[in-house]
Amino acid sequence: MLKYLALFLCVSFIGQAQTELTYEKRIEFELKDDYEDENILEFGEMGFVVESVNKKISKSENVWRYELFNTELEKVKEKNIKLDNKFWLDETYLSDNRIYNLFSDKKGNYTILSIDPISLEYEKTTGVVPKKARITDMAILGDYAFFNAKIKKESLLITINWKTGKQKFIPVNVKDVNPKKIAVENFQILEDSKEVFVFVKVIEAKRESDIYVIQLNAEGKKVKEYNLSGRLKENIVSISASRVKEGIYNFTGTYSTRFNALSEGLFFCQVKNRKIDFIKTYSFADLEEFFSYLPKKKQEKIEKKKLKKAAKDKELIVNYRIAEHNVVLLEDGSLFLGEAYYATTRRESYTETVMVNGVSQSRTSYRSVFDGFQYTHAVLGKFDTEGNLLWDKSFEMWPSYKPYSIKRFISIAEKKQNSIKMVFANRNRIVSKSVDFDGEVLLDNESDEIETGYSGDKEKSSFSNIDFWYDNYFLAYGTQ
């Protein structure tokens, strides 16, 4: 059986009259050249880079291949970079004009590659992080790579100059709190304003925690810290920041009334002049269209449950995991987009040796193992400048594979228009949607089934990715 990496040049949303997604070009690579783990890295009108690795050329080295393609899907050049095979690709970050890859091993050694996507020339720096430190979540600000880290139960950020290798440790402290009670949930870099936001969970009790937002400047110096939980009785599950203008920031995300990783609703918080102005919450069960992706019978069943709860002066609680996108800022508010998913398991058999009456015997047992995240639907909502939820939309999504880490499947086109335009792969089809800023659905199309490039081929599996590229173009890719 042959396996191909297929790429489609897609165009959508051309003018107001265009209502279909069209395919302008397709290319295929037969995956039998010993290179694997193909990854597509887009750079707008400059083209895109296909990254892959060959682990069979040498016993001591892996060859990382970077192939540049132009907007006509034509290969322009290629660069091979050899690295010790003890390194694996740990983190990737894309800026507008560079690729940043972090390679690391089990002993804390690392290599950072910074690659120019047009010339494919690269800069390389190596080093080692402190023993037992684990660095994750790479982001780039200027010449520095920022990482989330924990050393001896203490949370901190590490910055590494990707040109010189110089390291700097930024302690994450909250006033009057024991450092061992602090856990960095994640951090976010706002490149335009050169700011860093660190989202910190402080464990107050076994089932209670506070969320603090620590604002840093580009040099890692603390500017301000906010205790969001001081104004919110619920536990914050996920959070992201957006800068409205000088001195005004929005924090949006999901919350839960319980101490777990499942979300029960959305929240919207605004900070003005370094003080929390307001925080508002919205339960998933109270959203108008959150369950619209379900069959009508299931929707009716949920409505009956809501009425029963309301009769007892209680609220229906529903739990979801949500993968959030960056907030889309508008002149009169902002848009929230999140993708709902749940963890799946599979039953796996294994053989173990046991003693029965002094005699060893083999026995087959079964266990449940993690089998990836299944995505079900997405929620889109608009908040006004006061944090009021004006409208919400939900739509089904069912990717053809289950990722083992959190992924965002929906790709958003240029935002500076009169609607939000989204494209995503749904099973082996492409869905394109457009919703204006008043909540009106302008476009809701699903493509025909994607076929292979050759007649007579029998398809075993198909592609699952589509990303916004530039202008009105999208790049769809995956294996068939």
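Are Phe-290 and Tyr-320 buried or exposed? Phe-290 is buried, and so is Tyr-320, where buried means under 20% relative accessible area, exposed over 50% and partly exposed in between, with a 1.4 Å probe and protein chains only. You are looking at a predicted model, in which local features need pLDDT of at least 70 and side-chain atom pairs count only at pLDDT 80 or more, while totals for chains, interfaces and linings use all residues. Residues are numbered from 1 along each chain as its sequence is written, and side-chain values use heavy atoms, with hydrogens and water left out.

**Aromatic pairs**

- Searching the whole structure gives 25 aromatic pairs; rings of Phe, Tyr and Trp (its six-membered ring) pair if their centres lie within 6.5 Å, and planes under 30 degrees apart count as stacked, over 60 as edge-to-face and the rest as tilted.
- Phe-290 and Tyr-320 have ring centres 5.0 Å apart and planes at 80 degrees, so this pair is edge-to-face.
- That pair links distant parts of the chain, 30 residues apart: Phe-290 is in the loop between strand 22 (275-283) and helix 1 (296-311), and Tyr-320 is in the loop between helix 1 and strand 23 (321-324). Helices (H or I, at least four residues) and strands (E, at least two) are DSSP runs, numbered from the N terminus.
- For Trp-469 and Tyr-470, the ring centres are 5.3 Å apart and the planes stand at 80 degrees, so the pair is edge-to-face. Both Trp-469 and Tyr-470 are buried.
- A cluster linked by ring pairs takes in Tyr-341, Phe-370, Phe-373, Tyr-375, Tyr-401, Tyr-404 and Phe-409.

**Charges over rings**

- Arg-347 lies over the face of Tyr-366, at 4.0 Å from the ring centre; the criterion is NZ of Lys or CZ of Arg within 6 Å of the ring centre and within 35 degrees of the ring normal.
- Arg-367 lies over the face of Tyr-350, and here the value is 4.2 Å from the ring centre.

- An open sheet is formed by four strands in the order 3-4-5-6, with antiparallel pairing; two strands pair if DSSP finds at least two bridges between them.
- Its edge strands are strand 3 (35-42) and strand 6 (75-84), each pairing on one side only.
- Strand 5 (residues 61-69) pairs with strand 6 in the antiparallel sense over nine bridges, and Asn-62 stands opposite Leu-83 in strand 6.
- Strand 7 (residues 88-94) and strand 8 (residues 99-104) are also an antiparallel pair, with six bridges. A hairpin of four residues joins strand 7 to strand 8, and Glu-91 stands opposite Leu-102 in strand 8.
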